[in-house]
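Me: Could you walk me through this structure with me asking as we go? I'd like to talk about strands and then about rings.

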Amino acid sequence: MSVELVARSAPPYNHFTQIGDPVLRQRAVEVAADRVDSQEINDIVEQMVNVLRHYDCVGVAAPQLGVPLRMLVMEFREDKRERFLPEIYEQRKMSTLPLAVFINPEMEIISEIRHTHLEGCMSVRGFSAEVARYDRVRISGIGKLGTPSDMLLEGWNARIAQHEMDHLNGIIYVDRMDVSSFNCVTWQKINAAGGRIMLQPLHKLCRGHHRYICTSLATPQSFRKWYQQLWTTKRTNLPPYDHFTQIGDPVLRDKAAEVPADYVNSKEIHAIIDQMVNVLRKYDCVGIAAPQIGISLRIIAMEFKPSIRKELPESTYKARQMSELPLTVLINPQLAVTDYIKHKHPEGCMSVRGFSAEVERYAAVKLTGLDREGSATELELSGWNARIAQHEMEHLDGKLYTDHMDRSTFMCTCWETVNTKSGRVEIPFYK
């Protein structure tokens, strides 16, 4: 069931506002008794139901449409059953939930048993993660459109209720997620298409694509044979990519292998480094690790150009202790902290495209390793350049900034544009 919507750039929106919008982080207020049956509230309810069905999702809370009121809508239609394998449908305890609309809902936990499953949110479009939720809850409140004032929910429907109730309290599932499971749901499609797809908030996301190569160095496989697989003439959108692979790709969660001494100055490693630098500069960013282009080797490249200073307010440049860093390539790098004072600043990652969060990093570090020609090199870094080094080193150990970010600051960097343009915003994964 799909409902066509007319674009709206003011609440209640006809799209889902994205994480970063302050309305998603405040506690929604109760609807006053004399407003419950007003035309205003009825119109908001109608809008919520229309958006729910247009996007073919299972729950909407009023703050997701920019309205800070304690109102939610849920529906799990019978026709959704055919979209899941029978064993998944049963394992997640899914069942039909007729349209339910609650004003000023309250929730009671009935069972302390919790189950962990993948969960997504239309206000964090294109991502999912595992979240533990209670198995049984009771939700009560003022029912609308034939909804009873009290409902006992179990399994997946209990999960929907908890998710939507969280929204009414300024909580988003990323606050509760297992960070190691956070993933871009289309990472396989992005790689298969050479990065040439968009994250489109008003369109359905594609699934069902499969990975065509393992980019991790398997223990039984020789290094030479692995290289041969990478450099075959029949390659089609295989590593090393000319785009950034996205969170969810297993290569970003593996501990990268050291480059064997005999290969440090080889044409193959030089080719990988050249590709890393090309991608670094094509996307106009400041750092890249080999796993980000699908190569599980311990190689990083960093560059902070003088031109970046012109793009930032001088106050920001100084507060973040930014400074020029010439192109630096390190093979098999090691990092030592030289100043344990930590600073907290917003940080992004090209492998979590379109988002940022505040992250604490040490003030100064020392990097040692081999340069492009295989000569030993040492580098003392402080301020923003030390942050870049720590970020890239984490990639080599299978970590991302989302693992230790301040979750309350995680945001879609274009949430305001999403609202201004009524959701018609595309986040590209290529350039």
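Reply: Strand β11 (residues 299–304) is largely enclosed by the rest of the structure, because six of its six residues are buried. Buried here means under 20% relative accessible area, with exposed over 50% and partly exposed in between (1.4 Å probe, protein chains only). Strands (E, at least two residues) and helices (H or I, at least four) are DSSP runs, numbered from the N terminus. This is a predicted model, in which local features need pLDDT of at least 70 and side-chain atom pairs count only at pLDDT 80 or more, while totals for chains, interfaces and linings use all residues. Residues are numbered from 1 along each chain as its sequence is written, and side-chain values use heavy atoms, with hydrogens and water left out.

Me: Which residues of β11 point which way?

Reply: Ile-299, Ala-301 and Glu-303 point one way, whereas Ile-300, Met-302 and Phe-304 point the other way, and all are buried.

Me: And which sense does β11 pair in with β10, parallel or antiparallel?

Reply: Strand β10 (residues 287–289) pairs with β11 in the antiparallel sense over three bridges, where two strands pair if DSSP finds at least two bridges between them. Gly-287 has Met-302 of β11 as its bridge partner. β11 also pairs with strand β12 (residues 325–348), again in the antiparallel sense, over five bridges, and there the partner of Phe-304 is Leu-325 in β12.

Me: OK, rings now. How many aromatic pairs are there in the whole structure?

Reply: A search of the whole structure finds nine aromatic pairs. Rings of Phe, Tyr and Trp (its six-membered ring) pair if their centres lie within 6.5 Å, and planes under 30 degrees apart count as stacked, over 60 as edge-to-face and the rest as tilted. One of them is Phe-16 with Tyr-55, which is edge-to-face at 5.1 Å centre to centre, with 80° between the planes.

Me: Why does that pair tie together parts that are apart in sequence?

Reply: Phe-16 lies in the segment before α1 (39–54) and Tyr-55 in the loop between α1 and β1 (59–61), so the pair ties together parts that are 39 residues apart in sequence. Phe-16 and Tyr-55 are buried.

Me: What about Phe-355 and Phe-410, how far apart are the centres?

Reply: The centres are 5.1 Å apart and the planes at 10°, so the pair of Phe-355 and Phe-410 is stacked. Phe-355 counts as buried at 4% relative accessibility, and Phe-410 is buried with a relative accessible area of 2%. Ring pairs link Phe-127, Phe-182, Phe-355 and Phe-410 into a cluster.
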